[in-house]
Amino acid sequence: MESEQLFHRGYYRNSYNSITSASSDEELLDGAGVIMDFQTSEDDNLLDGDTVVGTHYTMTNGGSISSSTHLLDLLDEPIPGVGTYDDFHTIDWVRERCKDRERHRRINSKKKESAWEMTKSLYDAWSGWLVVTLTGLASGALAGLIDIAADWMTDLKEGICLSALWYNHEQCCWGSNETTFEERDKCPQWKTWAELIIGQAEGPGSYIMNYIMYIFWALSFAFLAVSLVKVFAPYACGSGIPEIKTILSGFIIRGYLGKWTLMIKTITLVLAVASGLSLGKEGPLVHVACCCGNIFSYLFPKYSTNEAKKREVLSAASAAGVSVAFGAPIGGVLFSLEEVSYYFPLKTLWRSFFAALVAAFVLRSINPFGNSRLVLFYVEYHTPWYLFELFPFILLGVFGGLWGAFFIRANIAWCRRRKSTTFGKYPVLEVIVVAAVTAVAAFPNPYTRLNTSELIKELFTDCGPLESSSLCDYRNDMNASKIVDDLPDRPAGLGVYSAIWQLCLALIFKIIMTVFTFGIKVPSGLFIPSMAIGAIAGRIVGIAVEQLAYYHHDWFIFKEWCEVGADCITPGLYAMVGAAACLGGVTRMTVSLVVIVFELTGGLEYIVPLMAAVMTSKWVGDAFGREGIYEAHIRLNGYPFLDAKEEFTHTTLAADVMRPRRSDPPLAVLTQDNMTVDDIENMINETSYNGFPVIMSKESQRLVGFALRRDLTIAIESARKKQEGTVGSSRVCFAQHTPSLPAESPRPLKLRSILDMSPFTVTDHTPMEIVVDIFRKLGLRQCLVTHNGRLLGIITKKDILRHMAQTANQDPASIMFN
Amino acid sequence: MREGGGTRDGGRWPALSGGPEARGPAQEAPRPGAPVWLWKSRPGGEGSAFADQAWKTQDPGPSSHPLPVPEQGGSLRGRGCCVAARPFSASVFLFQVGGLAGPESLRSMKLLCLVAVVGSLLVPPAQANKSSEDIRCKCICPPYRNISGHIYNQNVSQKDCNCLHVVEPMPVPGHDVEAYCLLCECKYEERSTTTIKVIIVIYLSVVGALLLYMAFLMLVDPLIRKPDAYTERLHNEEESEDARSVAAATFSGPRANTVLERVEGAQQRWKLQVQEQRKTVFDRHKMLS
């Protein structure tokens, strides 16, 4: 410590000397008077170096408030509220991380003192794992609740189980012996609405009755969902992933991860899925899991008081969310890493892994689908694939990329319309209209009438001897005695052809409806509809290739593998590849998507086809626009999200981006010891800046530190209440030593404790590439710009975002939330 | 790319310093992990007798018990009802407390409730022993020669879940049984009726309660509240919004004498927050559009 001080002293002396001796350019700029000022200020610094005790050195960053060096200073005891953030503000990662290290050090140093302190430090060390365990438990349980309730309500649109009202269709016929091979889901316990109301199960009358009841239930579920969202928690609408991405990158949206959002999202998600809208529950489940993470982090002071630490928990929670949504724990961890997280150290990776595991375990023990799996559409193949099949797989990848590009364009255009025109004023009406159109168009087609997850399951499942759906209506040669486990390629029967027609119609229907559905004011995920579109397209391609191989097995590509009687094409596999490609085209995920799909199927041998399709779809999609749907929505809403994937290549300098611009009034600054409380309050009221640099004096413009607006407001307010003699004319002092004041003046107000004394600075000639990199990697909120050591301006994260929007020829005013 | 220079530095630091914190639990992790691994590794599952056997030995709960006799099943179901009642009341409690959102003292209580709900959701699958309606062995037999396809469904234990035990009456003569049974696929499945019932009841009661509350807020509340007092209070709230954390203590301090008033204040605060959210989302279209 001593040597450090010596070093510091030496450093100050040196710099002092260099300034005084080599001040020719200084003179040019400022004249001699300023140099005099420098001398005094440097003396000040020297004094600081002498008095400051070593521990203070570590605390200078981040407005640490428990400094033990100023025992006389009343305000050095923590002021409640200092160091927190306002709604819609950006957090300062550096400051938060420093705060956490400081806290950690404090606990560690106390550890040896007593057994109680030891316990406290153990609890502190464990709290990270505890909070992810609780998060995993809660998100697994909620996912189970959502799955079971959504299944039940979806089937409620068709009919009801008279023997036990709480069973869905499948559970109702669970123990029934009356099911037949052809009609597996019919049993006397399950009554359709037509049977109950008009008493007949067949015929046009019952069809119309069922149709009406279907529309009625769909509309009432949708209406209930949107009114609950509107009345109790408006933040519960949408998929939530763009917002969570923004929050994880360091943005505050109060209430977005709160209790009410959690409850309403869980409740309305079930209603939205059950209403038959073209949406899925996977994205919202990530939001639900993040709400759990946020709520549980309030139990532990380590996480509740530190925004950066809280975001580590949220990263783990989003992994748990995907883990239960797809039954893919590893995929969830990778999703968190690839798609949502911004800051992902190794420790968070392990916690995400653990949270995903706990959540999957809980969901498995609830066993919501009765198939001992975490998802409805778990499939298992063991048929091999052949090299020539890569061609159709890549074709599917191209389709997925085109679909992704089209969807992003169309959906963003529609959402922009909603945002900017009066049409956005009627959210309830919009949901009702979309639900009505969906229900009316969906009922006649058996493939769209199904719950989307079930549709995906049916498309993924391969036609074995046990299947009896029309999709598996192949013409059999009747010498069936040599039936083996996998059937050879067969000519398609009439059922398959009609099924293909229906699937084509379903494809068009899904494509149109999904564009209009994503973004309406109910919880709506995108994964399931995208996967359904891909699965439909894939299945159609699969059947086409299969028939081609059957009728032209002498073509040279088929000759080697597809002999008569061989089973070489698996249409279900095509459906799966198509689903992955379409999802990849929309979200532009790669690694995590392949892992998720491969965990869904449990077949390692399909990794290469999946990778080929997903990569192709990403390339094709990127050719039309580089951003995925979530980034596009972030940009549409103008969230301050600094994407780590984007590259900044312009040659601008920091001076071009910083505020104030040339025509603007000078920067609003505070001086360290000659402003009064009234001056500061005036400045706070007149400007809307979120922070003010503190300088030595107006003449020297030398930087001392940075004070945040919120901290200033809170500190002054609490000083007026608690500290005797604080009036409007009291001096405010940010310096170490109070200046000598006339005897009759009021007691000065010391605010050094809220001052960030190590703000980041760059010189005005720093290239913006470097500045952007600093902001991304350190997660800064603002950075001060100096010229010859003098404060010149400030660059905030939002300035950078505006600048990036400008260089990309977009409207810089679209970056909102100042 | 994502965690280059600076971020990595910042990221690694706590991991290194927090040695015990990072290492201790990591060693613990495999223990809860083990069952998941077992279940994931269950190959192909239902069809293969070996896999079923392996699974069964690992499963400490249900399958090691003999098949419950009917009256035992009945008593178990009775216990299930108690379980059903508990989370139900807890969730209603959660809802009520949640509705009053706000004061710090209530927060931990609410969290406890949430934990209780989660816990009680987990209890049923653990407790629910296999009553006769919770297990089935379903055999699907495809068309064979001139016999059409058929589905057989019986309540038998896992070890008896194969074609020979379940397919009754056997539609083929003795020498063909083996060939026929090779085609059939038998699946042993379990479910928990208690869990389903509990979840549906919880869900419907929460929806019902929310509907009632919504009706109350929209119809009754504006009538019983004097309009001027209402807006004045809202105005007060708005002022205190800026420095909420500081003002919160003073605001709720002198005025909140009784529990009722505190509840009232919390409710007003919550309403204001929702109003603000509604403005952001629906009117200004700043978010989520």
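Which handedness does the link of C139(B) and C186(B) have, and what is the angle about the S-S bond? In this predicted model, the link is right-handed, with 105° about the S-S bond. The sulfur atoms of C139(B) and C186(B) are 1.9 Å apart and form a disulfide. This pair connects distant parts of the chain, since C139(B) lies in strand β1 (residues 135-141) of chain B and C186(B) in strand β3 (residues 185-190) of chain B, 47 residues apart. C139(B) is buried at 0% relative accessibility, and C186(B) is buried at 10%.

Strand β1 of chain B also holds C141(B). A disulfide joins C141(B) to C184(B), with an S to S distance of 1.9 Å. The torsion about this S-S bond is about 115°, so the disulfide is right-handed. Because C184(B) is in the loop between α8 (177-183) and β3 of chain B, the pair ties together parts 43 residues apart in sequence. C141(B) has a relative accessible area of 0% and is buried; C184(B), at 10% relative accessibility, also counts as buried. With bonded cysteines counted along the chain, the disulfides of chain B follow the pattern 1-4, 2-8, 3-7, 5-6.

Over all chains, the count comes to seven disulfides. One disulfide of chain A is formed by C161(A) and C172(A), whose sulfur atoms are 2.0 Å apart. The link is right-handed, with 80° about the S-S bond. C161(A) lies in strand β1 (residues 159-161) of chain A and C172(A) in helix α7 (residues 169-172) of chain A, so parts 11 residues apart in sequence are tied together. Both cysteines are buried, C161(A) with a relative accessible area of 0% and C172(A) with 6%.

C292(A) is buried, with a relative accessible area of 0%. C415(A) is likewise in no disulfide, the nearest cysteine sulfur being that of C237(A), 11 Å away. C415(A) counts as buried at 0% relative accessibility.

Chain A also contains a helix crossing. The axes of helix α17 (residues 390-420) and helix α21 (residues 494-517) of chain A come within 8 Å and cross at roughly 40°, which makes α17(A) oblique to α21(A). The crossing is right-handed. On α17(A), the contact is made by W403(A), F406(A), F407(A), A410(A), N411(A), W414(A) and R418(A); on α21(A), by I511(A), T514(A), V515(A) and F516(A). The contact residues comprise eight nonpolar, two polar and one charged.

Key: Residues are numbered from 1 along each chain as its sequence is written. Chains are lettered from A and ligands numbered from 1 in the order in which they are written. This is a predicted model: local features need pLDDT of at least 70, side-chain atom pairs count only at pLDDT 80 or more; totals for chains, interfaces and linings use all residues. Side-chain values use heavy atoms; hydrogens and water are left out. Axes are lines fitted to C-alpha atoms, for helices over the stretch in contact, and angles run from 0 to 180 degrees between N-to-C directions. Helices (H or I, at least four residues) and strands (E, at least two) are DSSP runs, numbered from the N terminus. Angles under 35 degrees count as roughly parallel, over 145 as roughly antiparallel, 65 to 115 as roughly perpendicular and the rest as oblique. A crossing is left-handed if the near helix is turned anticlockwise from the far one by less than a right angle, and right-handed if clockwise. Contact means heavy atoms within 4.5 Å. Ala, Val, Leu, Ile, Met, Phe, Trp, Tyr, Cys and Pro count as nonpolar, Asp, Glu, Lys and Arg as charged, and the others, Gly among them, as polar. A disulfide is a pair of cysteine sulfur atoms within 2.5 Å. Buried means under 20% relative accessible area, exposed over 50%, partly exposed in between (1.4 Å probe, protein chains only).
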